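Biologist: Can we go through the rings and pockets in this one? Let's start with charges over rings.

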Amino acid sequence: MVLNGIDSITNYRYLLEGKRVGLITAPTGLTKDFASTITILHENFNLAAMFSPEHGVRGDLDAGAVVDTYMDPFTNVPVYSLYRKDSKRLTKEMLNEVDIIVYDIQDVGVRYYTFIYTMLYALEDCANAGVEFVVLDRVNPLNGVTVEGNVLKPGFKSFVGNYELAVRYGLTAGEVATMANDQMNWNASLHVVRLEGWERSMSFPDTGLTWVHPSLGIPRYETALLYTGTCLFEGTNCSEGRGTTFPFEMIGAPFIQAQQLADEMNAKGIPGVFFRPVHFKPTSSKHCGELCGGVQIYITDLQVLRPLEVGVTLLFAIRDLYEQFSFLPPVKEGSRPFIDLLGGDNMYRTDNMQAKQLLEQFAAESKQFAEITQQYHLYR
């Protein structure tokens, strides 16, 4: 049986007893029996404050919504925002409320996913303030072996990529924290409550755990896997499936001919997937209410699938087939196009760049990243 960190918290009581505890969490902060980390810490320790990432500690806020400070109605504990318009950092005033901060959020193992930066920002802030930090570790649902993609370049940092990680980095949150604390010389008082029973080769279906969606856009394990590649479409004028029942599994746009694109992609013979032609009308986000043609991606073999290859190949196929395709402009003046922030580089927009060429560059970077990060592995 695989146990996440919160399932073993009674073995680590010495870390929290007698201290004012702060908690950074989200709806995935649950035991294997669905008991809330909030409730466990509130009933067994002095839960003095909570800190809210994107979506809120109870998941009642939309993606990108600014979080305000409020009192949690169930515990009467103050909840401070780590997703403010002006900052995503812990302030001195927040840190004065606690002696130790606990982090418990399910990660998806992909660089674009913002929770990992909430953790790293908080770890750095705690290091600077002399506040202890605890990661209740959780499984990497995509496994701890496979690494894909390029490593983020320093000039392309943002909240969808703020540390030099590969796209699919093959580490748990506890391992990322351990690596950053060492590489950045933060010297935080860091504790990782380790997983039990998890092996690096395990993907989520191997763990026996129940999937709890980490955000509304990632309803299924298969979504999280494909998100590794299809999140790139958030930087384009194509729908990434938001506003449908299959976000990040259906890709389309009003200008795409569904059968043509499906035939083109299936002819490429990408291992582990099949592309079905589809038509859909998103109920929100890009092309809301418009009929889109596109493809739905079906996973046929988890063992051989490389989802970043799927996303990159699909993106360049659409670019080459349809002149209406475009990358979105920067969100605000002076910033980089969103595809650059997601990509951690500007290679996607380089003239005459082809998918094969890009993937070859990625393979070299991911191999090197995997070799460097082995020293931070906490699990076999």
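Modeller: This is a predicted model. Arg89 lies over the face of Tyr121, with 4.2 Å to the ring centre.

Biologist: And which ring does Lys88 lie over?

Modeller: Lys88 lies over the face of Tyr83, at 4.9 Å from the ring centre.

Biologist: Now ring against ring. How many aromatic pairs does the structure hold?

Modeller: There are 16 aromatic pairs in the structure. One of them joins Tyr113 and Phe115, whose ring centres are 5.4 Å apart. Their planes stand at 90°, so this pair is edge-to-face.

Biologist: Are those two buried or exposed?

Modeller: Tyr113 is buried, at a relative accessible area of 7%. Phe115 is buried too, with 2%.

Biologist: What about the rings of Trp211 and Tyr221?

Modeller: The ring centres of Trp211 and Tyr221 are 6.3 Å apart and the planes are at 70°, so that pair is also edge-to-face. The cut-off for edge-to-face is over 60 degrees.

Biologist: Where do Trp211 and Tyr221 lie?

Modeller: Trp211 lies in the loop between helix 6 (204-207) and helix 7 (221-230), while Tyr221 is in helix 7. The pair therefore ties together parts that are 10 residues apart in sequence.

Biologist: Is Trp211 buried or exposed?

Modeller: Trp211 counts as buried, at 19% relative accessibility. The limit for buried is under 20%. Tyr221 counts as buried as well, at 6%.

Biologist: Back to Tyr113 and Phe115. Which residues do ring pairs link into a cluster with them?

Modeller: The cluster linked by ring pairs holds Tyr112, Tyr113, Phe115, Tyr227 and Phe248.

Biologist: Changing topic. How much space lies in the second largest pocket?

Modeller: The second largest pocket has about 360 Å³ of space. Its lining is made up of 20 residues, and the closest to the centre are Val151, Tyr163, Glu164, Gln183 and Met184.

Biologist: Which helices each supply at least two residues of that lining?

Modeller: Helix 4 (115-129), helix 5 (173-183) and helix 11 (355-373) each supply at least two residues of the lining of the second largest pocket. Helix 11 gives the most, with 5 residues.

Biologist: And what is the lining like by class?

Modeller: For the second largest pocket, the lining has 11 nonpolar residues, 4 polar and 5 charged.

Definitions and conventions. Residues numbered from 1 in each chain as written. Predicted model: local features only at pLDDT ≥ 70, side-chain atom pairs only at ≥ 80, totals over all residues. Heavy atoms only, no water. Phe/Tyr/Trp six-rings, centres within 6.5 Å; stacked < 30°, edge-to-face > 60°. Buried < 20%, exposed > 50% of the residue type's maximum accessible area, 1.4 Å probe, protein only. Helix = DSSP H or I, 4+ residues; strand = E, 2+ residues; numbered from the N terminus. Lys NZ or Arg CZ within 6 Å of the ring centre and 35° of its normal. 1 Å grid on protein atoms, 1.4 Å probe; cavity = no way out; pocket = protein on both sides within 12 Å on 5 of 7 lines; lining within 4 Å. Points joined across faces, edges and corners; volume = space filled by probe spheres on them. Nonpolar A, V, L, I, M, F, W, Y, C, P; charged D, E, K, R; others polar.
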